[in-house]
Amino acid sequence: MDKKLICLQVFDVVTFHITIGVLKPLFEKSFMKRFLLYIQLAFTVLSLASTSVSAQAALSDSATGPHIEVRLIADKDGLVPGEAVEIGVHLIPEDGWHTYWKNPGDSGEAPTINWTFDADFEVGDLIWPIPRKIPVAHLVNYGYELPTVLHTGFIVPKALEPGRNITITADLSWLVCKEDCIPGWATLAITLPVVEQARNTDNADLFFKNVPFYGQSKVSFEIQVGSILFDIPFEELFRNRERPDPERTWYVFPFRGDITNHAAEQNTVITDSSLLHTIETSEYLPAKVEEIEILVSDGEIGAYYTAKLNVVDAPTEPEYSLLVLIAMAFLGGLILNVMPCVLPILSMKALTIKNEAAPLNVQLGYFVGVLTSFIAFALIIIAFKQAGANLGWGFHMQSPAMIAFLAFLFVYIALALLDAAPGGNRLMGIGANQAGGKGFSSQFLTGVLAVVVASPCTAPFMATAMGVALVSNTSTILLLFGSLGLGFALPLTLINFLPFVARIIPKPGNWMITFRQFLVFPMLATTVWLLWVFDSQSHGELLIWLMVGLLVFAFFLWLASKCQGWTRVIFILPSLLLMAWTIHELANYSSLDYSQAEQKESKPNVTPYSPSKLASLKGSDQIVLVNMTADWCITCKVNEYVAFEQAKVQQLFASENIHYVEGDWTNKNQEILDYLQSYGRSGVPLYVLYVGDKRVEVLPQLLTAESLVNAITQAQEEIANES
Amino acid sequence: MKVKMIMASALLTLTAWANANVNVDQPAPDFKLVNSNGESVNLSDYQGKYVVLEWTNHLCPYVKKHYGSDNMQSLQRKYNDKEVVWLSIISSAPGKQGYVEADEANQLTASRNAAPAHVLFDPEGDVGKLYGAKTTPHMYIIDPAGELKYKGAIDSIKSANPADIPKATNYLDEGMKALLAGGEVEDKSTVPYGCSVKYKS
């Protein structure tokens, strides 16, 4: 193999000596020295000439520089039109020497490759294997201490004719370092025949080794007082393993050199779902960073992520007056009528409304049913709120049992629309015996049903109004839910009362049966969505049991619809039992979840934040530590692990005159925002220590157990000296 | 919080970074080093003048790129004429690449036709660490009031190839031009490139 040496040192020596040769003679005193320099110059020009002469010859596929050998390699022995071939540069440094990753770290330089070729290849991105952290004195580089292959996929053009030879040329530059560094350049070429079938080369195994994958998880980051914090969900990093091995060191390699201090230690905290990573920021960190591309690796597995800035500040949403919110809730209610989960039931009902004059109380049944259900929702939310839990519209969707119930209900409605289930028509108020069997209670039930099927849905305008309702007082919650219910009930009630509207609706006929059957599909679509929600909240095997349950349930209902009298009951009974049993089983499962949620509420030594409670504690010479936190705040989580949950801190919190007050801003609320703003903040975390009402100290955003203990013990001494 | 702690083996020790990094628009810390003529030089001696700090190591290919092409020396000469004090600092530890004794330093200055006001020795690396100097070259500009106005790379193309010099934006030159014209430096802080400074530790 023709090995050729092209490296910077030659070139460098040349330029260096040319400079000396041209400029120095003017200043030199000794002619001899000048003479020697000219000799040197002549030599280096010669050596340059000889280098370029050899460069004129056919290009080789390998070259040797000081302390490194470079090779251009392919994974296939030929180019197959339409297929991909991997072409790579094999960098083989001597023992103890290393080359660099695309972000070289504190110093050094990444290799560059410029491809040239005389065919229409589609060329992919350069693939970089997982690098290692390489310390140099107190600085840190990222690179490869072992031979490594940087490669790219080339897609061979379909039009290429077999028999041709194609040359791919790589203009390569590299830097190889031990502590000292030597840059080098080479132009390497590889010629491959266009063939119909290609075989793997001996080099094929060198490709795709130690290559990171592109991660899908959502990674977020925050920047706090000189540190950058990453929240990296690790589920997909460990498809084949239970969880991260705590023995392994996790490392975040940013693509850009101006994000982290490469030499700083990276601190990892492993929670049950993510790696919380804290790194000192680079002194060159730009003022505004919204996205950071990173590689996360433990040396064995690696994944690329684009981390997004976590917004911890209060949203600058416009504030709506109560009247506007009521209007929005009303509008949301109106729109809810046409959401896919509700539409089928309501349209069937609308179509069967007859202009026969029913008694007023019967006509109002639906309206009352809807309104009562919405008020009931509101009351449940208020009750939970008073118990300290924050629930919103659709809160029941957090319970797998409730979702299972809704799935049964939607399957039932779908079957009823197909006339394949008993009793459906009566429930939906779409029976043929409109005049006879329809009383107030039937209409009322239709209203309740409509609200229940509407509950998984959210309509436009609703979110804002419901979001506000969540953090408002009792009367506002009732007002907003009432308004929502009014909007929801209005369209059908109006149709009931306004004869001319009823006249617009086409007369029932065969088209209606077709329409009814069509409406089965939104119902089934909603069921599919419910199953998907269910799956995301429970273990995989539960989903299949629920689906089997639904299937058997549907089968029994169909049997029941084929029967009359007491035989019908025989089939209805098992289907109802099946539904009840399934939901009961799932409720057991979900109750676990709830007990965990309760544990959270009743953490020992934690006082939930309220302005009055804080005022009374301060007033009675107590030490109060206020922690304003949120589940989505990375910094808060890190601080909780490294400081608040440490034993020595917990011991202090157990003391009589120390009170740990926690404000949870997970669902942003006004009381906490007011508090944050009184300290000039618009976001979490915020840690404030009160020494009675004598002194207030705002603690830093990044805490350690030591700093917390110190601050609290100092406060204790101050209180002791006072008394 | 719902998330349980499985393990928090790594206690978050937010190391107050031993190298108190200097920041742009903040006072540049004073230092005292010995020059190649054996005299001690204080940064504060030059209050009232612009000062350029250049971390260097004559054997580093990235330094060679800028000296071999006369890029660095022509900047030195250009700003010498404008009363700017140019201090070349060597933080290489004895036995490491780029470490030189006074004589050799003076020879290098002469042979390379360089024109720094002083070549300063920082074999312990204290000043280098104080300024957070990471690479050679690594450039700093200090204004007459003693405030740091620029820190970072010499130019915008991170390579050892002298052919890139004419294509690159020279941050030091642009910064000095802006300052001397009474303006602000556009890129006050850039990521430096080059060989690592060959510190003692």
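Two residues are in contact here if their C-beta atoms, placed from the backbone, lie within 7 Å. This is a predicted model, in which local features need pLDDT of at least 70, side-chain atom pairs count only at pLDDT 80 or more, and totals for chains, interfaces and linings use all residues. Residues are numbered from 1 along each chain as its sequence is written, while chains are lettered from A in the order in which they are written.

Let's start with Val70(A). Leaving aside neighbours within four places in sequence, its contacts include Val89(A), His90(A), Leu91(A) and Trp174(A). Val70(A) and Val52(B) touch the most other members of the largest nonpolar core, which has 138 residues. Such a core is a set of buried Ala, Val, Leu, Ile, Met, Phe, Trp, Tyr and Cys residues joined through C-beta atoms within 7 Å. Buried means 20 or more other C-beta atoms within 10 Å of a residue's own, exposed 12 or fewer, and partly exposed in between. Apart from this core lies another of 68 residues, among them Ala450(A) and Ala454(A).

Helices are DSSP runs of H or I with at least four residues, and strands are E runs of at least two, numbered from the N terminus.

Now for a residue of chain B, Pro27(B), in the loop between strand S1 (5-7) and strand S2 (32-35). Pro27(B) counts as exposed because it has 12 C-beta neighbours inside 10 Å.

| Partner of Pro27(B) | Relation |
|---|---|
| Gly146(B) | in contact, within 7 Å |
| Glu147(B) | in contact, within 7 Å |
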